[in-house]
Amino acid sequence: MSISVSTGPSLSFRLNFNLLRRPTNLPLSSASLTPKPPPLPTPPLHILRRAPYTSLCTPRAASAAATACTILRDSGAAAAILAGAYALVSAFDFLTRRNLIEQSLSRKLVHILSGLFFMVSWPIFSTTTEARYFACLVPLVNCLRLVIHGLSLASDEGLIKSVTREGKPEELLRGPLYYVLILILCALIFWRESPVGLISLAMMCGGDGIADIIGRRFGFLKIPYNQQKSWAGSISMFIFGFLISIGMLQYYSVLGYLHLDWVQTVQKVALVSLVATVVESLPTTEVIDDNISVPLVSMAVAFSMFGY
């Protein structure tokens with residue numbers, strides 16, 4: 001760019017601004033084309049800063065606390081059931097001593113209600129594997145009690161009158177002792193996850209117990225091959241053994257322990273009840289007690305059909 005200035009006819013000069021321009025043929029540097037990054041923000045200075053929270057409860061401490069709570073729960077459940085079982089026997093002992101109930105009826109009601117009470121109480125225990133061992137403490141204590149009084153190491157007239165036929169201490173070592181041993185066996189092996197133990201105990205407690213009560217009062221028509229058993233008793237055993245078994249299975253199904261196909265389950269339980277009823281009617285009482293034959297046969301048949 002140039003500018004010409006004239007001051008008169010003979011004086012003029014030209015200013016050339018090209019000296020101030022950068023030549024266009026010179027290369028541009030890469031630094032001039034690259035944008036500069038913005039400055040990094042300066043982190044604020046925290047003079048007072050809270051340290052991150054760390055729990056004092058380590059996984060090992062939490063596991064130990066959970067184990068302690070489980071043991072406390074199962075121990076409390078066992079103590080409560082033991083107290084309930086003792087109160088049940090004491091109540092029927094009181095009724096028997098007051099002559100408000102017959103000794104034979106008292107014995108059978110204890111036979112029925114003790115086992116059912118034991119089965120119904122299983123859900124109050126924890127879901128751990130060891131819970132069944134705590135549950136077994138209840139019949140185990142009763143087992144030791146029967147052995148002590150059966151051997152006449154101690155005397156308990158109320159217990160003897162409540163669970164024996166003739167009021168003799170040695171009777172405690174037969175039917176009543178077999179009864180509590182079957183309770184322990186079913187709880188240890190089958191527990192809440194199998195219908196086999198529930199059906200076996202229902203047939204022993206409910207079916208056999210009710211058969212004796214009905215048979216004594218309405219058993220006029222005897223079974224041909226066993227004059228000590230009646231048709232009324234056998235029919236009542238089949239009906240009530242079946243109903244109590246179904247009731248127990250329904251109870252544990254509602255609580256989520258069992259998942260059953262009810263059409264097949266009803267058929268299987270009916271067959272178990274029929275076989276147990278036939279076994280109970282056989283003239284084998286002098287050879288093997290009903291508290292052994294009925295639950296063991298029920299257990300075998302139920303296991304063969306349910307498989308667990």
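## Basis and fold

Helices (H or I, at least four residues) and strands (E, at least two) are DSSP runs, numbered from the N terminus. The model is predicted, so local features need pLDDT of at least 70 and side-chain atom pairs count only at pLDDT 80 or more, while totals for chains, interfaces and linings use all residues. Residues are numbered from 1 along each chain as its sequence is written, and side-chain values use heavy atoms, with hydrogens and water left out.

The protein chain has 10 helices and 4 strands, in the sequence order β-β-α-α-α-α-α-α-α-β-β-α-α-α. Of its 308 residues, 39% are buried (under 20% relative accessible area, with exposed over 50% and partly exposed in between; 1.4 Å probe, protein chains only). Among contacts (heavy atoms within 4.5 Å) with a separation of 6 or more, 70% join residues 24 or more positions apart.

## Nonpolar core

A nonpolar core is a set of buried Ala, Val, Leu, Ile, Met, Phe, Trp, Tyr and Cys residues joined through side-chain atoms within 4.5 Å. The largest one holds 64 residues, and Trp122, Phe125, Ile199 and Leu201 have the most contacts inside it. Helix H7 (residues 195-218) supplies the largest share of this core, 11 residues.

## Largest pocket

A pocket is defined on a 1 Å grid over the protein atoms alone: it is an open set of points with protein on both sides within 12 Å along at least five of seven lines, for a 1.4 Å probe, and lining residues have an atom within 4 Å of a point. The largest pocket contains about 1,200 Å³ of space.

Its lining has 47 residues, with Arg107, Lys108, Arg165, Gly175 and Asn291 nearest the centre. Helix H3 (residues 103-120) gives the largest share of the lining, 7 residues.

## Two buried polar residues

Asn291 lies in helix H10 (residues 290-306) and counts as buried because its relative accessibility is 6%. A polar atom of the Asn291 side chain lies 3.0 Å from the backbone oxygen of Gly175. Leaving aside neighbours within four places in sequence, Asn291 is in contact with His111, Gly175, Pro176, Tyr178, Tyr179, Ile182, Met204 and Asp208.

Ser236 is in helix H8 (residues 231-254) and is also buried, at 6% relative accessibility. With the neighbours within four places in sequence left aside, Ser236 contacts Ile210, Ala211, Ile214 and Gly241.

Terms used:
A polar contact is a pair of N or O atoms within 3.5 Å; within protein, one must be able to donate a hydrogen and the other to accept it, and residues adjacent in sequence count only if both atoms are side-chain atoms. Grid points are joined across faces, edges and corners, and a volume is the space filled by probe spheres set on the points.
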